[in-house]
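How is this chain put together, from its domains down to its paired strands and packed helices? The account below works through the parts in turn.

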Amino acid sequence: MMSSQHFFATAAMGLEEVLAGELQQLGLRDVQAGRGGVAFTAEKLDAWRACLHLRTANRVLQPIAEFPCQTSDELYAAVMELPWEELLGKGMTLAVDANLRDSQLTHSRFVALKTKDAVVDRLRDHTGWRPNIDPKSADLRINVHLAADHCTLSLDLAGASLHRRGYRHDPNLAPLRETLAAGLIALSYWEVESPFVDPMCGSGTLPLEAALMASRTPPGLVDPVYSFQSWPDFDAVGWTQIVEEARAACQPLLAGQIFGADRDPRILAKARRNAEGLPFGSQLTWQQSDFSRLRPPRASGTLICNPPYGQRLGEQEQLAPLYREIGDTLKQHWTGWTAWIFTGNLPLAKRIGLKPSRRIVLYNGPIECRLLKFELY
Ligand SMILES: C[S@@+](CC[C@H](N)C(=O)[O-])C[C@H]1O[C@@H](n2cnc3c(N)ncnc32)[C@H](O)[C@@H]1O
């Protein structure tokens, strides 16, 4: 019989409940939303399945040790105690991430380095070989979380952030994180059979995530490569079955359902190119247009977009007319639709001039943002 283990899936702040809902849908147990993520219990294969299916998680971490830690010597000694030779087979590569909060140790790079030294020294002492470090795509990525002098060491199941779906060829200047885009769509309660429009789609992240959802395609299916596939306990037969089941459950995407538009033809070309990487990519509709001239494809549907929100001084005033125009266009032409605007600039959001019926607080990295709902009767 397989034994259950504890896991922690991380998400952008504000998306924890959405992620908890996803984990529950996957049938995982003891799902508990916290700050910046959700704890759950699962058997190994179900945790791997979660990596494939989760849309809003950035990482799935498996805690393997916890201990009090105030100094680098304490950290080194505690990490040295662990049987790394059981987790790192010969030839496997290693990486360490560290996040710190309210602790005596204050430099995350130093903490990561000290942890790496302890792992490497332990392996050298016990096996005589030392792993190479691969910061980008390590076979074993260790996460050190030090909060109020309490250290949690975890294995990062996927080994890279799950927002990297594998469909983005050429990121433009301000793409939305795929996991955040999926979270915005989940929060909008878009019914996947109804029309979806992003009128300022940039590289297409929102329409592409919408298409993955509507076709029931797990985001990991685009490029299913994870660190746990290199681990000594990897079960290739079980994993193949998980991937095959996910493939079999995908549904065709109807044409004329999901739309992306942008006024910039060069950025729109990137969106098209990103869509080409997906099996149903040709079913999406792209249109080069200024939002003020774009008309709804049907009588009702869901519109979601993140307009530019200008982080530098002076940009706010330049963008004010755009936000006013968004409000005017929605009011004049999008009656019958539900619109959701995601922005990190609250003064600009007020220029839309419509009263939101919901305001949801979310974080885009460190930036506090709002997802605003406008019901256009
Ligand atoms: C913050 S970016 C959107 C990023 C996008 N969500 C992504 O993931 O790549 C804003 C986009 O709005 C577009 N835009 C700005 N003003 C517009 C307008 N009036 N009509 C249509 N698109 C506009 C820009 O060209 C830019 O691509």
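The model is a predicted one. Its chain is divided into two domains: domain 1 covers residues 4–156, while domain 2 is made of two segments, 178–216 and 251–375. Taken over C-alpha atoms, the centres of domain 1 and domain 2 are 34 Å apart. Where the domains touch, ten residues of domain 1 are in contact with ten residues of domain 2. On the domain 1 side of this contact, six of the residues are nonpolar, three are polar and one is charged.

In general, the strands of a sheet pair through backbone hydrogen bonds, in either a parallel or an antiparallel arrangement. Several neighbours in the sheet just described can be followed bridge by bridge. Strand β1 (residues 4–10) pairs with β3 in the antiparallel sense, over seven bridges. Within this pairing, H6 is opposite T41 of β3. β1 also pairs with strand β4 (residues 59–68), again in the antiparallel sense, over three bridges. Here A9 faces V60 of β4, and F8 has L61 of β4 as its bridge partner. β4 in turn is paired with strand β7 (residues 150–156), antiparallel and over seven bridges. In that pairing A65 is bridged to L153 of β7.

Two packed helices are described by the angle between their axes and the distance between the axes. The crossing of α3 past α5 is right-handed. From α3, the contact is made by S72, L75, Y76, V79 and M80. From α5, the residues involved are V111, K114, T115, D117, A118, V119, D121 and R122. By type, the residues of this contact divide into seven nonpolar, two polar and four charged.

A further open sheet of seven strands has the order β10-β9-β8-β11-β12-β14-β13, and its pairing is mixed. At its edges are β10 (285–288) and β13 (358–364), each of which pairs on one side only. Neighbouring strands of this sheet are turned against each other by 20° on average, direction ignored. Within the sheet, strand β12 (residues 338–343) and strand β14 (residues 367–375) run antiparallel and are joined by six bridges. T338 has E375 of β14 as its bridge partner. Helix α7 (residues 205–214) lies across β8 (196–198), β9 (258–262) and β11 (302–305), and runs at about 175° to β9.

Which residues are closest to the ligand? They are L176, M200, G202, S203 and T205, out of 21 residues that surround the ligand. The shell around the ligand contains twelve nonpolar, five polar and four charged residues.

Methods
Residues numbered from 1 in each chain as written. Predicted model: local features only at pLDDT ≥ 70, side-chain atom pairs only at ≥ 80, totals over all residues. Domains from an automatic or database assignment. Contact = placed C-beta atoms within 7 Å. Nonpolar A, V, L, I, M, F, W, Y, C, P; charged D, E, K, R; others polar. Pairing = 2+ DSSP bridges. Helix = DSSP H or I, 4+ residues; strand = E, 2+ residues; numbered from the N terminus. Near = placed C-beta within 6 Å. Left-handed = near helix turned anticlockwise from the far one by under 90°. Axes fitted to C-alpha atoms, helices over the stretch in contact; angles between N-to-C directions.
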